[in-house]
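Biologist: Please take me through this chain feature by feature. For each one, give the rule first and then the case.

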Amino acid sequence: MDNRALSTVVEKLLSMGLVLLYIGLMTTTLYGGTVPAYQSAVGAELGDRTLAEATARVEQAIPPNARTVSATVRVSLPETIDGAGYSIRTDGTALVLDHPDPEIGGRTRLVLPDSVDTLEGEWQSGSPTVVTVSGTRGSVTVTLEAER
């Protein structure tokens, strides 16, 4: 007669063990493969959006037919992408996003007026950034720099 109470306890312990085993397997599966893959995809998408937004802001900062220009436009960028710092630099004709993760990054060619002679500078994530446009009608310089 004493075995009846023991069978209920054993049943509950087995049930709890199976539930814990199931939770452990699901957690291992999600954090072992699904979640990191999703985070990489989100990081790459955020990098693409950041580069597209930066390109648009640089292009918008340049007035089309100004004789003399001196303008500074603030550009808002995310502080990190996928938990890491990054930089956006120019290579003369395009903006390039450099990130420690090789899957995050890219290059976007800028559409600039003929009056733009020089495109230079670099933005570091985590600091306020501006695009500065200066010069005259025939010789305009566009500079990416930290806000002063």
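Modeller: The chain holds one helix and seven strands, where helices (H or I, at least four residues) and strands (E, at least two) are DSSP runs numbered from the N terminus. Along the sequence the pattern reads α-β-β-β-β-β-β-β. This is a predicted model, in which local features need pLDDT of at least 70, side-chain atom pairs count only at pLDDT 80 or more, and totals for chains, interfaces and linings use all residues. Residues are numbered from 1 along each chain as its sequence is written, and side-chain values use heavy atoms, with hydrogens and water left out.

Biologist: What radius of gyration does the chain have, against a compact globule of 148 residues?

Modeller: The radius is taken over C-alpha atoms, and the globule rule is 2.2 Å times the number of residues to the power 0.38. A compact globule of 148 residues would come out near 15 Å, whereas the chain has 27 Å. Its C-alpha trace spans about 100 × 25 × 20 Å along the principal axes.

Biologist: How is strand pairing read, and which way do strand 5 and strand 7 run?

Modeller: Two strands pair if DSSP finds at least two bridges between them. Strand 5 (residues 116-124) and strand 7 (residues 139-146) run parallel and are joined by five bridges. Thr118 stands opposite Thr141 in strand 7. Strand 2 (residues 87-90) runs antiparallel to strand 5, with three bridges between them. Arg89 has Glu122 in strand 5 as its bridge partner. In a regular strand, side chains alternate between the two faces of the sheet.

Biologist: Which residues make the nonpolar surface patch of about 390 Å²?

Modeller: Patch residues have over 30% relative accessible area and no salt bridge; like charges are joined within 9 Å, nonpolar side chains (Val, Leu, Ile, Met, Phe, Trp, Tyr) within 5 Å. A salt bridge is a side-chain nitrogen of Lys or Arg within 4 Å of a carboxyl oxygen of Asp or Glu. Areas come from the Shrake-Rupley method with a 1.4 Å probe; for residues, only the protein chains shown count as cover. Here the patch consists of Val19, Tyr22, Ile23 and Met26. Tyr22 lies in helix 1 (residues 3-61).

Biologist: Is Tyr22 buried or exposed?

Modeller: Buried means under 20% relative accessible area, exposed over 50%, partly exposed in between (1.4 Å probe, protein chains only). Tyr22 is exposed, at 53%.

Biologist: Where is Asp82 found?

Modeller: Asp82 is in the loop between strand 1 (68-75) and strand 2. Although not a glycine, Asp82 has a positive phi of about 55°. Asp82 is partly exposed, with a relative accessible area of 39%.
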